[in-house]
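I opened the model to look up a few side chains and the elements around them. My entries follow in the order in which I made them.

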Amino acid sequence: MSEEIFDIVNERDEAIGQAARREVHARGLWHRAVHVLVFNARGEVFLQKRSLKKDIAVGKWDSSASGHLDSGEDYDACAVREVREEIGLHLTQPPSRLFKINPSLETGWEFCWIYRCENEGPFALHPDEIETGAWFAPAAVTKWVNAQPQDFASAFVLIWGIYLTQKRKDP
C-alpha cells in the first residue's frame, strides 16, 4: 500500500503543498484531521482504544473515530469516511460540527474539526485501527481523564476539555 499524502497547510488552514504522512509527522508540518464523538440515546460516548499497530498514541483511548484528511479531501467528507472505515458506521450526511482546534503539540500539528453524531451501534471495529471500544458516561470519562490523562491520546484530552467547556455554555 502506498503512503498517504496529506495537504500541508498555513496558519489560515489553506493548502500550500503536499507531503507523505511520514514526512509530515517527522517535520511537524501543519496538516488536517477530524475527530468524531459518537453518543448513544443514553448520552454515553463511544471511545476507542487505539490499536497497538498505530504509529502515534499506541494503545491509548481516543475519540470514537478520527483520522487525517487525504490530500484534496474536505473535513466533512473525511468525517464520514473515518466513521465508516474505523467503526463501520455508514452516515448519509456529515455529522454535526462542534468546534475547530488550531495546530498544537497535543494535536500533532493538526487543524482539527470536532464532530458529534448519535448512533446506538453495534460497531464493526477495524482491527488495524482499534483494539477495542466501549460506551462511557461523560462524567466517568471526565473523572478518568483528570485522574489518568496518560491513558488517552493527547488530542483527546484537549478535545474533551474543550467539549466540556462548550457544553457548559449551551443553554
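**Entry 1: glutamate 44**

I began with the side chain of glutamate 44, which makes a polar contact of 2.7 Å with the side chain of arginine 42. For a polar contact I take a pair of N or O atoms within 3.5 Å; within protein, one must be able to donate a hydrogen and the other to accept it, and residues adjacent in sequence count only if both atoms are side-chain atoms. The side chain of asparagine 40 is also joined to that of glutamate 44 by a polar contact, again listed at 2.7 Å. I found glutamate 44 in the loop between S3 and S4. Not counting residues up to four places away in sequence, glutamate 44 touches Val38, Phe39, Trp135, Phe136, Ala137 and Pro138; contact means heavy atoms within 4.5 Å.

**Entry 2: conventions**

I note that the model is predicted, that local features need pLDDT of at least 70 and side-chain atom pairs count only at pLDDT 80 or more, while totals for chains, interfaces and linings use all residues. Residues are numbered from 1 along each chain as its sequence is written, and side-chain values use heavy atoms, with hydrogens and water left out.

**Entry 3: the chain as a whole**

I counted 4 helices and 9 strands in the protein chain; helices (H or I, at least four residues) and strands (E, at least two) are DSSP runs, numbered from the N terminus. Along the sequence the pattern reads β-β-α-β-β-β-β-α-β-β-β-α-α. Does the radius of gyration agree or disagree with that of a compact globule? It agrees, because a compact globule of 171 residues would have a value near 16 Å and the protein chain has 15 Å. That radius is taken over C-alpha atoms, and the globule rule is 2.2 Å times the number of residues to the power 0.38. The C-alpha atoms fill a box of roughly 45 × 35 × 35 Å along the principal axes.

Of the 171 residues, 46% count as buried, where buried means under 20% relative accessible area, exposed over 50%, and partly exposed in between (1.4 Å probe, protein chains only). Among contacts between residues at least 6 apart in sequence, 57% join residues at least 24 apart.

**Entry 4: strand S3**

I checked the cover of S3 and found 9 of its 9 residues buried. One side carries His31, Ala33, His35, Leu37 and Phe39, and the other carries Arg32, Val34, Val36 and Val38.

Which strands pair with S3, and in what sense? S8 pairs with S3 in the parallel sense over 9 bridges. Two strands pair if DSSP finds at least two bridges between them. Histidine 35 has isoleucine 114 as its bridge partner in S8 and serine 66 as its bridge partner in S6. On the S4 side, valine 38 stands opposite phenylalanine 46. The hairpin of S3 and S4 has 5 residues between the strands, and glycine 43 there takes a positive phi near 85 degrees.

**Entry 5: two aspartates**

I then looked at aspartate 7, which lies in strand S1 (residues 5–9). Why does aspartate 7 count as buried? Its relative accessible area is 8%, so it counts as buried. The side chain of aspartate 7 makes a polar contact of 3.2 Å with the side chain of glutamine 18. The backbone nitrogen of glycine 72 lies 3.0 Å from a polar atom of the aspartate 7 side chain. Aspartate 7 and arginine 32 are 25 residues apart in sequence, and their C-alpha atoms are 7.4 Å apart.

Aspartate 13 is in the loop between S1 and strand S2 (15–20). Aspartate 13 counts as buried because its relative accessibility is 10%. Its side chain is joined to that of lysine 100 by a polar contact of 2.7 Å. Aspartate 13 also touches residues that include Arg32, Tyr75 and Phe111.

**Entry 6: helix H2**

Aspartate 74 caps the N-terminal end of H2, with a side-chain oxygen 3.2 Å from the backbone nitrogen of aspartate 76. Glycine 88 follows H2 and has a positive phi, near 75 degrees. The buried residues of H2 include Tyr75, Cys78 and Arg81. The strands that the buried residues of H2 pack against include S3 (31–39), S7 (96–101) and S9 (130–136).
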